[in-house]
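Thanks for coming. I will go through one structure today, starting with a pair of helices and then moving to a sheet.

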Amino acid sequence: MAKKYITTPIYYVNDVPHIGHAYTTIAADVLSRYYKQKGDESFFLTGTDEHGAKIAEAAKKAGKKPQEFVNVLVPHFEKAWKALDIEYDGFIRTTNPKHEKVVIEIIEKLQKAGFVEKRKYEGLYCVGCEKYITKDDLVGGKCPDHGREPVEQSEENYFFLLSKLQKELLSVIKSGEFEIAPMTRRNEVIGKIKSGLEDVSISRQAVEWGIPFPGDETQTVYVWVDALINYYSATKIYKNVSWPADIHLIGKDILWFHAVIWPAILIAIGEKLPKKVYAHGFFTIGGKKMSKTLGNAIDPIALSKKYGADAVRYAILREFPFGEDGDISEEKIAERYQTDLANGLGNLLQRTLTMVNNFNLDVKLDVMKDAKHEKEIERNIENLNFSEVLKNIWVYYLKPANELIDKEKPWELVKTDKKKAAGVLTLCLSYIAAINKYIYPFMPETSEKIKKQLKTLKPEPLFPRIEEKGD
Ligand code: MSP
């Protein structure tokens, strides 16, 4: 039995989660459920990133101590994942003392291996990014991602000698030992590594809210190093998973940390590397960047309440290819709900079962066997081409089932040839059973409902009309 270890990033708890955060989590859940359904064991890890300047700043604004502040916010993440039917196996918090202990051990290993040096650092720091940025990155004096001015920082920091590892990094990426996907991201990273790696500061003097730096309590461990180690420390916290991870699912904004800094740390301490990092694209909401100030940050809990977790999961993975950027809006979700789900899937099941019942037909239950399409679907899901998988299901199974009904007209056939009518509907049911198998990782609740209906042959609406609460 193969064991898959799948991770999402750990989310900053400076605010409640929005639908952008849910993107990575939903994708990881689909992958994990797929492997579990297949009979492979899978361990799916998510969690929260709780240290650093960004959290400390938000806590201060809220008039709370950082620990108190994160303790209040973390349940919002758990609630959101529950609302979206996310079935994780581990939830790690970086304020967990067991994690903190592992972070210290890893820094000490880096020190022993000769990869840490104290140096003076001067630079511009963006608290939003939690990283130093260069003048060239700025747009109108501000960080383009966070719209805020960086602060000048000058302090003595401990540096990780990343520049020493350029050759090793290129070699593990090129050999495929450490895979970066999609290919365009891999090439991007290779290009950047080739243009030269600079050593990176891994401690902060100005940040108090963090893990004390081993050997120098006037500094804390840089929040990104603390955070990356979660993937490894979780294997010390949860007994049923072991290092290395099979796949780190992340957004493209945090690729450098995962594709360069993280493997370099692991190489430096002689640890195994994660097998793969996959960076997905970003989405905008109705053409705009999601933000609190714009008031367009969609709450995943409200969305799931209105459309159901399955429809949200389906719509955002169906809308555009996972590796690319795209756009989402509530209107788009509502439209997918109506066309693909209610009029498509729901209607097929309803009309099939209604005919079976009304005509009192003797049908058999089978799952359609279709090796060629099954292979394609499996390949697409394992390569994280989620929108393709969903298209495949609709094109290979849903469409032909509807076409079969329209062509054979069982309601007429039944008058002359009841056996043939039963045969047509048996075939339809086998299409539906195949659809049901493949949609399970994407829409677990719907899949369960269909399974029940196929057993009892009693139709019940899957996607009822959405009640608009007029405002
Ligand atoms: N705490 C760091 C990750 C540390 S992992 C060792 C962090 N957290 S985050 O909360 O800011 O972002 C978490 C994830 O949400 C990232 O993968 C990010 O790409 C994703 N997204 C946030 N907004 C998004 C969109 N609008 N669209 C798609 N994904 C988005 O970064």
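First, a definition for the helix pair: axes are lines fitted to C-alpha atoms, for helices over the stretch in contact, and angles run from 0 to 180 degrees between N-to-C directions. Keep in mind that what you see is a predicted model.

Now the pair itself. Helix α12, residues 330-358, packs with helix α14, residues 386-408, at an angle of about 45°, and their axes are 11 Å apart. That angle makes α12 oblique to α14. The crossing of α12 past α14 is left-handed.

Which residues in α12 and α14 meet? From α12 they include Leu-341, Gly-344, Leu-345 and Leu-348, with Arg-351 also among them. On the α14 side, Trp-394, Leu-398 and Ala-401 are among the residues met, and so are Asn-402 and Asp-406. Sorted by class, the contact of α12 with α14 has eight nonpolar residues, three polar and three charged.

Next, the sheet. Four strands form an open sheet, in the order β5-β4-β6-β8, with antiparallel pairing. The edges are β5, 131-133, and β8, 200-201; each has a single partner strand, so one side of each is left without a neighbour in the sheet.

Within that sheet, β4 covers residues 116-126 and β6 covers residues 151-160, and the two pair in the antiparallel sense over 10 bridges.

Note on methods: Residues numbered from 1 in each chain as written. Predicted model: local features only at pLDDT ≥ 70, side-chain atom pairs only at ≥ 80, totals over all residues. Heavy atoms only, no water. Parallel < 35°, antiparallel > 145°, perpendicular 65-115°, else oblique. Left-handed = near helix turned anticlockwise from the far one by under 90°. Contact = heavy atoms within 4.5 Å. Nonpolar A, V, L, I, M, F, W, Y, C, P; charged D, E, K, R; others polar. Pairing = 2+ DSSP bridges.
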